[in-house]
Amino acid sequence: MGLSIMILGLVLFLGTHTLTTQRGTRDSVVRALGEGGYKIAYSLVSIAGIALIAYGFSHYRAEGWYQVWSRPTAFKHITVALMLPAVILLVASYLRGRIYTAVKHPMLAAVKLWAAAHLLANGDLGSIILFGSFLAWAVFDRISLKRRSDPGAPPIPVGGVGNDVLAVVVGAVIYVALAFAFHPVVIGVPVIGT
């Protein structure tokens, strides 16, 4: 039951995010709902998707894991190491500087890195579906960006090295918070010290 709810959440969340890559379909929906209506519907469906993903995954974990493969211990360490650049890239997508210019789409790179890292660390069916779906979506979205003629969003000014330094510092702080507070408390899986 938990996996079904999680999959429904993935369809809602990633479906709305995939809609943005289909420019003609998106434009039709915007015309039908209006710009404000589209943004409200997009946000509500995305939030519902996240809630269903979290609810479904927690129930899946409570019902018992379906282990597909067992990870080597080294994979956990690789995952912990990969998460630092993933978080920094995510922050760099908003604090745009040379990192943004070099990577071009740091948020998608962050999602791909996050998903791939978590696929390494988790060999259960639910995790494979969850992180595999996000990885597939991020790859698809990156390919679609290469084929689009429009940027897809209003431009955010690109700053200099100061933004990069700030992205690294803020990313490192968020990384520590995720490792020591969020992951063990909210997810229930300690990252450091196990």
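Arg26 touches Leu19, Thr20, Glu35 and Tyr38, leaving aside residues up to four places away in sequence (contact means heavy atoms within 4.5 Å). This is a predicted model, in which local features need pLDDT of at least 70 and side-chain atom pairs count only at pLDDT 80 or more, while totals for chains, interfaces and linings use all residues. Residues are numbered from 1 along each chain as its sequence is written, and side-chain values use heavy atoms, with hydrogens and water left out.

**Arg26**
- Arg26 is found in helix H2 (helices are DSSP runs of H or I with at least four residues, numbered from the N terminus).
- With a relative accessible area of 15%, Arg26 is buried (under 20%; exposed is over 50% and partly exposed in between, with a 1.4 Å probe and protein chains only).
- The side chains of Arg26 and Tyr38 are joined by a polar contact of 3.5 Å (a pair of N or O atoms within 3.5 Å; within protein, one must be able to donate a hydrogen and the other to accept it, and residues adjacent in sequence count only if both atoms are side-chain atoms).

**Helix H6**
- Helix H6 covers residues 125–147, and its end C-alpha atoms are 33 Å apart, in agreement with the 33 Å that its 23 residues should span at 1.5 Å a residue (1.5 Å times one less than the number of residues).
- At the start of H6, a side-chain oxygen of Asp124 comes to within 3.3 Å of the backbone nitrogen of Gly126.
- Among the buried residues of H6 are Phe131, Phe134, Trp137 and Arg142.
- The buried residues of H6 pack against helices H1 (2–19), H2 (23–63) and H5 (106–121).

Definitions and conventions. Helices (H or I, at least four residues) and strands (E, at least two) are DSSP runs, numbered from the N terminus.
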